[in-house]
Amino acid sequence: GPCIESGNGLHFQLNERREARLCPCGQANQRLHAIEAMKLPQEAVKMTHVNYDWSVERGLKEKILHFLEAVNGGERKALIMYGGSGKGKTHALLATAHLAALSGPTPKRINYLSQPHYLEAVKAGWDDPAKRIARVTGARALFIDELGYGRQTEWERTEMNQVIHHAWQSGMSIVIASDQRWEVLGRFLDDRIKDRLIQGTEKKRLVHEFTGPSRRSEGCQW
């Protein structure tokens, strides 16, 4: 039968028994590949834009939509989200990653990394600089979760600043989620990186502090 687009943007065909299968038109596969290519963690399956509660963080949705519109238009932007643990930053980051990959006329390649997992891989012997640079470049945007996590040693700081520098220099937009306060995050970043990111956020228009309650312990008292 004819190609049918479902509510989530995937394309299907129905056979004589009214059974659905992915349409060979390729659009469905392109969208699925765009999501797979991000190499998101397993928990990201349950953290998308569909089930994120946009009403909790006032003004966040408008900032994300402005960021996506700019990126889809070919601009390079930076979106920074910070605040206490458990307030939904990772979910918001992953929701934005899904939207960035799938919005626009064609799917886009988005790169994702979590600072603890990335640095753990580096320590485990991932010592090929070319492959490490390729991991964070060559896409439309880089999404970094838990920036500034851990002891914030000089080595950790140097490694993550290099990641951001390579991504920005290659023309990628950057999205950051961090548990650190704004001033602590500022001390973690090099001055040249901070200047570029502030410019990318349109002088903090695309900076959002999470002030809502913890979503992990919602409805519970210690």
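Reader: Is Arg-18 buried or exposed?

Author: Arg-18 is exposed, at a relative accessible area of 65%. The cut-offs are under 20% for buried and over 50% for exposed, with partly exposed in between (1.4 Å probe, protein chains only). This is a predicted model: local features need pLDDT of at least 70, side-chain atom pairs count only at pLDDT 80 or more, and totals for chains, interfaces and linings use all residues. Residues are numbered from 1 along each chain as its sequence is written, and side-chain values use heavy atoms, without hydrogens and water.

Reader: Where does Glu-202 lie?

Author: In the loop between α8 (191–200) and β8 (207–210). Glu-202 is not a glycine, yet its phi is positive, about 60 degrees. Glu-202 is partly exposed, at 25% relative accessibility.

Reader: How are two packed helices described?

Author: By the angle and the distance between their axes. The axes of α2 (60–72) and α3 (89–102) come within 11 Å and cross at roughly 35 degrees. Axes are lines fitted to C-alpha atoms over the stretch in contact, and angles run from 0 to 180 degrees between N-to-C directions.

Reader: Which residues of α2 and α3 meet?

Author: Leu-60, Ile-64, Phe-67 and Leu-68 in α2 meet Ala-92, Thr-96, Leu-99 and Ala-100 in α3. Contact means heavy atoms within 4.5 Å.

Note on methods. Helices (H or I, at least four residues) and strands (E, at least two) are DSSP runs, numbered from the N terminus.
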